[in-house]
Amino acid sequence: MKESLKPGIKYEHKFKVPPSKTVPALYPESEEFVAMPEVFATGFLEWACIKAINSHLDWPKEQTVGTHIDVSHEAATPPGLEVTATVELIAVEGKKLIFAVEAHDGIDLISKGRHERFVINKEKFDARVGSKAAGA
């Protein structure tokens, strides 16, 4: 983690929603998901947080994983609209990073809340997951 990784980092990320990033596309093998409305899924907020801080990490050796997300769903966004996510790093507690997040689709505020990520060493993380997979 670089010295520059501190509260106050802000980032705005824009993304035009394709049909492939809607709820039914998340799990096409699930008839329950396929039957759900074709509206934007929330992983975009995590992506914006990652983009906000990657230059403040020793990327790609250091990465972050999502550990908590608490966001509202204020309005649905259909494919074709552009979503703007605005994120701010509001706290750094050791390797835990806490963000305030908000997304707007040009018509409505669609989501707001909080997201937490944890800084990992990619090589060590992959080794632990590999050991877990080998033991399964």
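The model is a predicted one, and the values below are computed from its atoms.

The fold can be read from its elements. Four helices and five strands make up the secondary structure of the chain. The C-alpha trace extends over about 40 × 40 × 20 Å along its principal axes.

Contacts show how the sequence is brought together. Among contacts in the chain with a separation of 6 or more, 65% are between residues 24 or more positions apart.

Burial and surface come next. Of the 136 residues in the chain, 32% are buried, where buried means under 20% relative accessible area. The accessible surface of the chain is about 8,100 Å², and carbon and sulfur atoms contribute 55% of that surface.

Empty space is the last topic. Rolling a probe the size of a water molecule over the atoms shows where such space is left. The largest pocket holds about 230 Å³ of space. Its lining consists of 15 residues, and those closest to the pocket centre are Phe40, Thr42, His73, Ala75 and Ile110. Which elements give two or more residues to this lining? They are helix H3 (43–53) and strand S5 (109–121).

Conventions: Residues numbered from 1 in each chain as written. Predicted model: local features only at pLDDT ≥ 70, side-chain atom pairs only at ≥ 80, totals over all residues. Heavy atoms only, no water. Buried < 20%, exposed > 50% of the residue type's maximum accessible area, 1.4 Å probe, protein only. Contact = heavy atoms within 4.5 Å. Areas by Shrake-Rupley, 256 points an atom, 1.4 Å probe, with all protein chains shown as cover. 1 Å grid on protein atoms, 1.4 Å probe; cavity = no way out; pocket = protein on both sides within 12 Å on 5 of 7 lines; lining within 4 Å. Points joined across faces, edges and corners; volume = space filled by probe spheres on them.
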